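Visitor: I would like a close look at a single part of this structure, and then an account of how that part sits in the rest. Please keep it plain.

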Amino acid sequence: MPEPLVQVKNLKKYYPAQSGILGLKKVAVKAVDGISFTLNRGETFGLVGESGCGKSTTGRMLMHLTEPTDGQIIFEGKDLASLKGEELRSERRHFQMIFQDPYASLSPRMSVRAIIEEPLIIHGVKDKSERRERVDRMMELVGLNSDQADRYSYEFSGGQRQRIGIARALVLNPDLIIADEPVSALDVSIQSQIVNLLQDLQDQLGLTYLFIAHDLSVIEHISNRIAVMYLGRIMELAGKKSLYAEPLHPYTQALISAIPIPDPQIKREKIVLKGDIPSPANPPAGCPFHTRCPKAMDICRTVRPETIEKQPGHFVACHLYN
Amino acid sequence: MGQPLLEVSHLQTTFFDGKQALNAVDDVSFTIHEGETVGLVGESGCGKSVTSLSIMRLLSSGGKIMNGSIHFNGQNLLALSEKEMRNIRGNEIAMVFQEPMTSLNPVYKIGKQIDEAIIYHNKVTKKEARQRTIETLKNVGIPRAEEIVREYPFQLSGGMRQRVMIAMAMVCKPKLLIADEPTTALDVTIQAQILDLMRELNKKNGTAILLITHDLGVVAEMCERVIVMYCGKVVEETDVQSLFAHPHHPYTQGLLASTPKLGEHAERLGSIKGNVPSLNHLPKGCRFAPRCPKAMAICREQVPALEALDDGGLCRCFLYQAKKAR
């Protein structure tokens, strides 16, 4: 029986923006517009979608790097969304983040040791030799040589830097790792090294991953369950097998059919969507996907579809199934 | 197969960094025929973009073509004057870059940027040029083309900008289009639209395409032939079916194993150990040897030659040359 680790309930992030003549009209950019999901202990939950769908904002809200506008993030009986100050800081150690760009997310002025050690200092590990030992152990764990701890991050390649970022995230023994596009800046041969490392670490340490990516092939490989986002909303949420074998939402269907498959033998009928992703500042009424949906009906233009559980564990927000 | 359109032979492009000379492209040869779509694959730093910039003679100041020839339609591009080269660029060979925002001029309206190319290469009036611009924009699937010509690049989305780039490249009906990672910056549903468009242009106008990419999925969908590069050298060249069915070079094999495939539920991905070496620390012998699971003693000593295999492909690896010698 899966044990829930984190429950996200009706999470929202609205950014204020101005439009109209002289910016007189106040509008809200709904980056994330009421999403709910549960992360079970030990699983990899994939969050997938195209640019501007709100997947990164969701990850940042879980980390409290972005304050949620509304909604709850329940972890061990507490609502993290409402915590502040010292209380928030001590809870936050249970969640750690791995960032997309290993060139931008590591300070060039700190040695690798200082980078990995910093979370320990912040969270009050005072014993210097203990810190030293834990940094060394972390470096070996992620496949780096601890002899290199006094070098600077710019002396490392992209894949090695991402290992440093992973070591920094793991050093506090977190429960949940939020990985925001952790491999998309890396070359293919390095990408698979990092994906394999993340899977090995999960097996060894019992970690839970929220894996955010735009690449559906990587998401399929690593995730147990997957949520597909579009313009701030979850369109479909299901176990990996049923999502890819039987995608219900027309958006998911188009997304999956658009992935180029590295096998020239396979020829598929592609669903090529018309038009662009609308701006989240001015999302379409009703179902946000109706402007590009090949199966749009009249109701889709006016009424926002409810999320229903079409099959056990397979949720979809689409009027076709209501 | 049509006539050979572009013949690159023994191309060597070197970048000078202080006293160091770095061979970003080292003895690269290949041919593209009329109407063909050829993929150039490799990871960052393998020299695939430098190859394309060498063909266009658009290398930045530090880079120089030291050796080799590039024949286009029988003409050696390296022997042309800068003025003659300008008549070919954008007219007979056009290029599309990865990041459309940095390739479009932000202070000129879309229409003006495309008109410019037409007026430079053809004897037409401004009005005729504008008409052709609008027509080409419509051909690449831009809605409201008459209005878009009066807009600036920043007013368009990423996918639309890439369409504008393609329109600009296609407006003089080039014989060869070099597309350097044309869809890497785009979302997957938009990528599908752009690939569709390129395929259509290839069919309708017979434009040959040199598609530079790191994405093997894109290669499988678009290309007839594939060239794989590693550290400035071609390591394998073959038709697309054999590349995916029987990759020969251990590097190609490693790349394919590293790529997650939809619907294939492998526990772990294959991978290539280590990192791509930097150009100033290239290993002796075969450049892939330190990462190669099948490396032999000879691989660390000598550089293998690019040799023909029985199935018609080319491969730079001692594994196959040893078999032949025996």
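In which hand does α5(A) pass α6(A) at their crossing?

Guide: The model is predicted, and what follows was computed from its atoms. In chain A, α5(A) passes α6(A) in a right-handed crossing. Helix α5 of chain A covers residues 158–170 and helix α6 of chain A covers residues 188–205. Their axes are 10 Å apart, and the packing angle is about 20°. Angles under 35 degrees count as roughly parallel, so α5(A) and α6(A) are roughly parallel to each other.

On the α5(A) side, the residues that meet the partner helix are A:Gly158, A:Gly159, A:Gln162, A:Ile166 and A:Leu170. On the α6(A) side they are A:Ile190, A:Gln193, A:Ile194, A:Leu197 and A:Leu201. By class, this contact between α5(A) and α6(A) holds six nonpolar residues, four polar ones and no charged ones.

The pair can also be placed in the domain assignment of chain A. Domain 1 of chain A is given as 4–94 + 174–315, and domain 2 of chain A as 105–173. Taken over C-alpha atoms, the centres of domain 1 of chain A and domain 2 of chain A are separated by 29 Å. Eleven residues from domain 1 of chain A and eleven residues from domain 2 of chain A take part in the contact between them. On the side of domain 1 of chain A that touches domain 2 of chain A, α6(A) gives the most, with five residues. That side of domain 1 of chain A is made up of nine nonpolar residues, one polar and one charged.

Next, the chain as a whole. Chain A has nine helices and twelve strands. Its C-alpha atoms fill a box of roughly 65 × 55 × 50 Å along the principal axes. A compact globule of 322 residues would have a radius of gyration near 20 Å, and the 21 Å of chain A therefore agrees with that.

Chain B has twelve helices and twelve strands. The C-alpha trace of chain B spans about 70 × 50 × 40 Å along its principal axes. For 326 residues the compact globule would have a radius of gyration near 20 Å, so the 21 Å of chain B also agrees.

The two chains touch through 38 residues from chain B and 34 residues from chain A. On the side of chain B that touches chain A, the elements giving two or more residues are α7 (158–170), α8 (188–205), α9 (216–222), α10 (240–245) and α11 (250–258) of chain B. Of these, α8(B) gives the most, with six residues. That side of chain B divides into 15 nonpolar, 16 polar and seven charged residues.

Helix α4 of chain B (residues 110–121) and helix α5 of chain B (residues 126–139) pack at an angle of about 115°, with their axes 9 Å apart. The crossing of α4(B) and α5(B) is right-handed. From α4(B) come B:Gly111, B:Ile114, B:Asp115, B:Ile118 and B:Ile119, and from α5(B) come B:Lys126, B:Ala129, B:Arg130, B:Arg132, B:Thr133 and B:Thr136. The contact of α4(B) with α5(B) has four nonpolar, three polar and four charged residues, whereas the contact of α5(A) with α6(A) has no charged residues.

Terms used:
Residues are numbered from 1 along each chain as its sequence is written. Chains are lettered from A and ligands numbered from 1 in the order in which they are written. This is a predicted model: local features need pLDDT of at least 70, side-chain atom pairs count only at pLDDT 80 or more; totals for chains, interfaces and linings use all residues. Axes are lines fitted to C-alpha atoms, for helices over the stretch in contact, and angles run from 0 to 180 degrees between N-to-C directions. Helices (H or I, at least four residues) and strands (E, at least two) are DSSP runs, numbered from the N terminus. Angles under 35 degrees count as roughly parallel, over 145 as roughly antiparallel, 65 to 115 as roughly perpendicular and the rest as oblique. A crossing is left-handed if the near helix is turned anticlockwise from the far one by less than a right angle, and right-handed if clockwise. Two residues are in contact if their C-beta atoms, placed from the backbone, lie within 7 Å. Ala, Val, Leu, Ile, Met, Phe, Trp, Tyr, Cys and Pro count as nonpolar, Asp, Glu, Lys and Arg as charged, and the others, Gly among them, as polar. Domain bounds come from an automatic or database domain assignment. The radius of gyration is taken over C-alpha atoms; the globule rule is 2.2 Å times the number of residues to the power 0.38.
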